[in-house]
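The sequence and structure are shown first.

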Protein chains: 2
Amino acid sequence: MHPFDESIQLTPTGEHRYRGSTHPGYANMVGPFGGTLCAVLLNGALQHPQRLGDPIALTVNFAGPVADGGFELEALPMRTNRSTQHWNLALRQGGEVAVTGSAVFATRREMWSAHEATPPQGMPPPGALQRMPTEGIAPWVARYDMRFEGGSPFNFDGQEAGDSHSRAWVRDHPPRPLDFASLAAICDSFFPRIFVRRNQRSPIGTVSLSSYFHVDAAGVAAQGERHLLGTARALRFHTGFFDQSAQVWSDDGHLLASTHQMVYYRA
Amino acid sequence: MHPFDESIQLTPTGEHRYRGSTHPGYANMVGPFGGTLCAVLLNGALQHPQRLGDPIALTVNFAGPVADGGFELEALPMRTNRSTQHWNLALRQGGEVAVTGSAVFATRREMWSAHEATPPQGMPPPGALQRMPTEGIAPWVARYDMRFEGGSPFNFDGQEAGDSHSRAWVRDHPPRPLDFASLAAICDSFFPRIFVRRNQRSPIGTVSLSSYFHVDAAGVAAQGERHLLGTARALRFHTGFFDQSAQVWSDDGHLLASTHQMVYYRA
């Protein structure tokens, strides 16, 4: 079993309830990588016997620290309509809420469609870029193959950069065919924009993240194991919170997901 | 009392519970304008005796139709930390969930800040543009003074436009000093991008919306009653769902809010 599938594995313990556990391969500096928590919450709906369709939107609120070890997950279908379904999600440890969230699922149908966003231009192919070294940083980074345009997006030399924009190819390591759960995790794989902008470490923590899925399951599966192209930037760093605005593209120029988060910082 | 304040008025009915009612002045084609529902949900936390700080992020999921008339609102503080607070929100009619949501509140502090997004350029001032006519469309539109660059963003002539981008000055009508509740409503005041792109009506309905607030209460209040500048676009229309990506700027070029939604459509 791929380590990512191990990391999001859920055992049903009752109606709308599961038990899971954090995975050492996806550890962050403290506690687990937020991306696997996003995938775990989404997986609570994906695995649910009452599930309808595929995910359209996912919101994850990081309400408190998650400790390494076991957790309880609740995935509650709040309302199911003919073609849409709304979920409330909550992860608890020791009875205390650590992560809350919501998801919208839906069935899609063929109809008039248009791709308005312009694919990123001029990005060298993955084979022409070096994989980012993963030594000396949080373990979860080694679970991804990231190839940044222009090398690592930060060097911690303390010289402020002109902006926080970065672009990178990214896929699971070892490679794994893309699905909604892994795409949800990749949506939280963008390094904190304040590291990129200031080239120095700061205390940070995501408080809320929303990801939007722009394709159906077939569109996700078509990507296979190939690298995705991720772009990320911040709009504003202000009095303790900044945003991250990011997009995840297929290797043939289709927008698969867009994702936004608000991050607490001290600087 | 300003009609907007009437529209978001809540009467406590128990712990974490309120009663409210839709407002005829903010009616949509069917049911109430979604923006006032966003403001009502946020107001449940804003008015709560246990509230900490100011809103950072708000997610609203439109789970089912809201009928004109009364509703019950639940605003549940899921976890309160030293400087952040997480809320679950739900609006019910006749015992059935119609809207769910979540909010993150926080206290902000002065520290290193940076404004990275570039303010929109070349927008004529509000006084140089005509107010959008409000006859013959949903009543809520008359509760806003909207002034679009290049006139109305859609004309329903059926000629597909090159893109769905639009820019407009917007403020409450009659004017009202900006606060987080009215800003949350304005975040949902952008017309459906499919109307703008296709210049024809389609059945649409927002399923999920997230808004991010990039300033504190003083930064919001500094805007007063003056027009805000709103920009909106879609990234992708695909098999029944499209996104709207929008920003709300102060009249002096500061980003106050960014907002994203996924919208169901048939076309």
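## Strand pairing across the interface

Strand E7 (residues 114-115) of chain A and strand E12 (residues 236-238) of chain B run antiparallel and are joined by 2 bridges. Within this pairing, Ala114(A) stands opposite Phe237(B) in E12(B). The model in which this pairing is found is a predicted one.

## Relation between the two chains

Chain B is superposed on chain A by a rotation of 180° with 0.0 Å of shift along its axis, and the RMSD is 0.0 Å. This is the relation of a two-fold axis. Both copies use the same surface for the contact, as 100% of the contact residues of chain B recur in chain A.

## Extent of the contact

Chain B contributes 69 residues to the contact, and chain A contributes 69 residues. About 5900 Å² is buried between chain B and chain A, and carbon and sulfur atoms give 56% of this area. On the side of chain B, the residues that lose the most area to chain A are Trp112(B), Glu116(B) and Arg236(B); together they account for 15% of what that side buries.

## Polar and charged contacts

Between chain B and chain A, 4 salt bridges are counted. One of these links Arg79(B) with Glu96(A), where the closest N and O atoms are 3.8 Å apart. The salt-bridge cut-off is 4 Å, so this pair qualifies.

Strand E6 (residues 96-106) of chain B supplies the largest share of the side of chain B that touches chain A, namely 7 residues. By class, that side of chain B has 29 nonpolar, 25 polar and 15 charged residues.

## Backbone details

Most residues other than glycine have a negative phi, and most peptide bonds are trans. The following cases depart from that pattern.

In chain A, the peptide bond between His173(A) and Pro174(A) is cis, with omega about -5°. Pro174(A) belongs to the loop between strand E9 (166-172) and helix H3 (180-186) of chain A. In chain B, a cis peptide bond runs from His173(B) to Pro174(B), with omega near -5°. Pro174(B) is placed in the loop between strand E9 (166-172) and helix H3 (180-186) of chain B.

Thr239(A), a residue other than glycine, has a positive phi, near 40°. In chain A, Thr239(A) is located in the loop between strand E12 (236-238) and strand E13 (241-249).

Notes:
Residues are numbered from 1 along each chain as its sequence is written. Chains are lettered from A and ligands numbered from 1 in the order in which they are written. This is a predicted model: local features need pLDDT of at least 70, side-chain atom pairs count only at pLDDT 80 or more; totals for chains, interfaces and linings use all residues. Side-chain values use heavy atoms; hydrogens and water are left out. Copies are superposed by least squares on the C-alpha atoms of residues with pLDDT of at least 70 in both. Contact means heavy atoms within 4.5 Å. Buried area is the accessible area (1.4 Å probe) that two parts lose on being put together, summed over both. A salt bridge is a side-chain nitrogen of Lys or Arg within 4 Å of a carboxyl oxygen of Asp or Glu. Helices (H or I, at least four residues) and strands (E, at least two) are DSSP runs, numbered from the N terminus. Ala, Val, Leu, Ile, Met, Phe, Trp, Tyr, Cys and Pro count as nonpolar, Asp, Glu, Lys and Arg as charged, and the others, Gly among them, as polar. Two strands pair if DSSP finds at least two bridges between them.
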